[in-house]
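Thank you all for making the time this morning. I would like to walk you slowly through one structure, so please have a look at it before I go on.

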Amino acid sequence: MATPSWWEELIGINGILAAADRADVESWRGPAAETVAADGDDVPPLTLRLGTLGRVFAEHAAEFTDEQTRQLFQLLEEALAKGGEEDGNAVATGFFEALLNAWDKGFDLASVWAAVGPRSRDYCRAWNTFTGVETPGWLR
């Protein structure tokens, strides 16, 4: 899957996201990266890249401004709700499952929940139901 058109805007929201994505791509390409043509498809699958961003966001959420957090979740909501099926699935199973996993490990999801869009919230609640995680009232 090629990198979607909204990707650069997403990682441009905060340098932490851009650095994490650069590291992911460099690791994926490995030590022979100099001999591989930079063709745009020589990157990790979108779901993996979004999983990294979900984990990194959870680790560094305090370093994002309220506006950056809002922009991040707005762009993810647009990709989930209005993007193609592949983009939506990647956002859901990549970013939001990583974020919910971080919540299970202590990330304060409530601190950013107001920025999460309605389609994204629906996915998070459905994932909790599927995995048997009790959904607290504030998440409903």
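This is a predicted model: local features need pLDDT of at least 70, side-chain atom pairs count only at pLDDT 80 or more; totals for chains, interfaces and linings use all residues.

Let me begin with arginine 49, which at a relative accessible area of 4% is buried, a word I use for anything under 20% relative accessible area, with exposed meaning over 50% and partly exposed in between, using a 1.4 Å probe and protein chains only. Residues are numbered from 1 along each chain as its sequence is written, and side-chain values use heavy atoms, with hydrogens and water left out.

What does the side chain of arginine 49 meet in a salt bridge? The partner is aspartate 21, with 2.7 Å from N to O, where a salt bridge means a side-chain nitrogen of Lys or Arg within 4 Å of a carboxyl oxygen of Asp or Glu. This pair links distant parts of the chain, since arginine 49 belongs to helix 3 (residues 46–60) and aspartate 21 to helix 2 (residues 15–29), 28 residues apart; helices here are DSSP runs of H or I with at least four residues, numbered from the N terminus. Aspartate 21 is buried as well, with a relative accessible area of 5%.

Staying with helix 3, its buried residues include Leu46, Arg49, Leu50, Val56 and Phe57, and the buried residues of this helix pack against helix 1 (7–11), helix 2, helix 4 and helix 5 (85–104), contact being heavy atoms within 4.5 Å.

Aspartate 42 forms one with arginine 29, the closest N and O atoms being 3.3 Å apart. Because aspartate 42 sits in the loop between helix 2 and helix 3 while arginine 29 is in helix 2, the pair ties together parts that are 13 residues apart in sequence. Aspartate 42 counts as buried at 16% relative accessibility, whereas arginine 29, at 26%, counts as partly exposed.

The other joins the side chains of glutamate 67 and arginine 70, at 2.4 Å from N to O. Both of these residues lie in helix 4 (residues 66–82), three residues apart, which is about one turn of the helix. Glutamate 67 is partly exposed at 40% relative accessibility, and arginine 70 is partly exposed too, at 37%.

Terms used
Helices (H or I, at least four residues) and strands (E, at least two) are DSSP runs, numbered from the N terminus.
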